[in-house]
2 protein chains.
Amino acid sequence: MAVTIRDVARATGVHVSTVSRTFSAPNLVSTPTRERVMAVAAELGYRPNRAARALTTGRTHNLGLIVSDIANPFFPPLIKAAQAYAREREYHVFVADTDEDPQAEEELIRTLAKQVDGVVLVAPRLTNQAIERLGLELPFVVVNRRVKGLSAVLMDIGHGTELAVEHLAGLGHRGIALLAGPRGSWSSEQMKSAATEAARRADLRLTVIGPNAPTERGGIAAAAAVRDSGVTAVIAYNDLVAIGLIEGLGELGTEVPGDLSVVGVDDTVAGRLNRPKLTTILMPTPAAGRTAVDLLLQAVDEDGRTAAQATLATDLVVRESTAAAPGTTGA
Amino acid sequence: MAVTIRDVARATGVHVSTVSRTFSAPNLVSTPTRERVMAVAAELGYRPNRAARALTTGRTHNLGLIVSDIANPFFPPLIKAAQAYAREREYHVFVADTDEDPQAEEELIRTLAKQVDGVVLVAPRLTNQAIERLGLELPFVVVNRRVKGLSAVLMDIGHGTELAVEHLAGLGHRGIALLAGPRGSWSSEQMKSAATEAARRADLRLTVIGPNAPTERGGIAAAAAVRDSGVTAVIAYNDLVAIGLIEGLGELGTEVPGDLSVVGVDDTVAGRLNRPKLTTILMPTPAAGRTAVDLLLQAVDEDGRTAAQATLATDLVVRESTAAAPGTTGA
DNA sequence: CAGTAACCTGCAAACGGTTGTAAACAATAC
DNA sequence: GTATTGTTTACAACCGTTTGCAGGTTACTG
């Protein structure tokens, strides 16, 4: 069917091993031979079969990228960047969606294991224990989570949260609420402790509301609690929650940012398109995707014996959903 | 390293071929033997190596899914559905983004070719000729495009466009504009001819503006032309363009839907979140993803000798960006 | 009870590459 | 002129599975 190394060998009049080396270790082949082989290969349209190669080398040159929900706008930029960078490094990537199901996640990883050199896990739903166990069989990089022995890419949401608190304090807000994310979310914990500390420093009252579902629906559901809490500003777990909150608040007659300021997290398209445009903490998702692949390939090269960590900076993007606290002249 | 068929054979005391058949053709193995093998395999944690299997069977059980831009909100639901459905059928999927670059697209397909049984091409940027050529080597399914000899999934945007035109006519609009998509876009052509026909029937004046970039920016850029065209309603190439248009119009002092009605296409999250919420033509992207995979696996089974076509229904979702024409009492 | 048909299982050759080892040859050193 | 070294190529085994073929059992059939 397809043209193999043998066809090239025959057509060139050399042994298959010579053809093989022409591609995998060119310096072991004399220049004239190499050129002849390459010419013939090009003419025949020969492409090495990666799967066959993987059989002997143990390197598939494939990666797995597992996310909980492709349709969540947080992920596509990360996927896009990871995939583009992997391609630069001559890797192909399997993308899979676990639909937030830990069971499916583990099974998926197991069936993928033989076909990839490593896996990037973004916001995994598995327990740390399960991940550590899997980590023994295959290199992993986790994003926004910490697992013993594995490389990790962390977005410094803590710093972003501080910036947001300071921004709100500067606008004259004295009491703010934090809409926490799902139970067990690493980033939600980071936000909580950073917000607590920053609020203390700025002498603000901080109320934590949640856990909340990380969706628009979760934001809508939290609207009443926010209004009743008496705060004048809110930091939501992510943009979707913030958008839902604004919608829910609107139905209760509370205007954003007139009556209440709202800060989102992620800086997704959704936040940019929302009216009012969301003030939000920018998460460097493309950089996270690239870095995760980078760390993973590093781990692959070292046979997963080292665990590196990268922390990526976040920033605050001020747009229209935050304003001076009611009854204040502003910053 | 990992446990192979040989380990299982040794531990069970049978030949490797028996173990192989236990998994790939269980009915050729006696019940007691089969059970023994399965027990041992389970205990050892044996998992067949798909890559090795692919070498002899010629079936990798992998699929490729190629899109122009993962970050465009039109794609994620399609990717999600395709991937989920493929998994049900025991296929893994490589997802790749071409960044709208035809060159990269072709190269990508070529390197992927040996590792997949077929490829789904969504809105490919390649010429028909190039695709047809590639189609000789590998089964393909194209989405929203027609290529001779290849299976296709088409979303009936024509019907959705008719619905939109009728909806606008019902609201009392007498002159409408169509913001066309990029040159050579199949769906833009469909929209154009459907809109022309529907406008004729409803006795409306139709102005085609474009081509336009399929992005928010494209919409913003078209705002002035739309205002100057004197129409009272617009059907935009997609939600992003519609959103950009609304923004651009706003800056020119034209209110939507008060002064002018806007209809988008795709029904992405972006449209749902936009203020005003977009009236839009719903594209069945999840169904398209599933159907594409279905058709592809069909083509794979038949060795790509047949080309099936599936047409998926679209619908009009009426929300807030359309209203009665100025100076009318409405429907 | 021989003949025959199922049914199971083992053998060995693929699939498309890689790679350690050895053979062939040329060049250099003495 | 031989010994040594280095370079280039060929040979063959191997990676983990599948599969056509053949041999061995068992169970029918008449």
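Trainee: In which sense do strand β6 (residues 175-179) of chain B and β7(B) pair, and over how many bridges?
Mentor: First, a word on the ground rules. This is a predicted model, where local features need pLDDT of at least 70 and side-chain atom pairs count only at pLDDT 80 or more, while totals for chains, interfaces and linings use all residues. Residues are numbered from 1 along each chain as its sequence is written, chains are lettered from A and ligands numbered from 1 in the order in which they are written, and side-chain values use heavy atoms, with hydrogens and water left out.
Mentor: Now the general idea: strands (E, at least two residues) and helices (H or I, at least four) are DSSP runs numbered from the N terminus, and two strands pair if DSSP finds at least two bridges between them. Here β6(B) and β7(B) are parallel, with 5 bridges. Within β7(B), B:Thr207 stands opposite B:Ala177.

Trainee: What is the strand order of the sheet in chain B?
Mentor: Read it as β7-β6-β8-β9-β10-β12, an open sheet of 6 strands with mixed pairing. Its edge strands are β7 (205-209) and β12 (315-317) of chain B, each pairing on one side only. On average, neighbouring strands are turned by 20 degrees against each other, direction ignored.

Trainee: And in chain A, why is one side of β7 and of β12 left without a neighbour in the sheet?
Mentor: The sheet of chain A is also open and mixed, in the order β7-β6-β8-β9-β10-β12. β7 (205-209) and β12 (315-317) of chain A stand at the edges with a single partner strand each, so one side of each has no neighbour in the sheet. Strand β6 of chain A runs parallel to β7(A), joined by 5 bridges, and A:Ala177 has A:Thr207 as its bridge partner.

Trainee: Which strands does helix α9 of chain B lie across?
Mentor: For angles, axes are lines fitted to C-alpha atoms, for helices over the stretch in contact, and values run from 0 to 180 degrees between N-to-C directions; contact means heavy atoms within 4.5 Å. Helix α9 (residues 186-202) lies across β6, β7, β8 and β9 of chain B, at about 165 degrees to β7(B). Helix α10 (residues 216-229) of chain B touches β6, β7 and β8, and makes about 160 degrees with β7(B).

Trainee: How many residues does each chain bring to the contact?
Mentor: Chain A and chain B each bring 39 residues. Buried area is the accessible area (1.4 Å probe) that two parts lose on being put together, summed over both; the two chains bury about 3900 Å², 58% of it on carbon and sulfur atoms. In chain B, B:Arg47, B:Lys114 and B:Leu273 lose the most area to chain A, together 18% of what that side buries.
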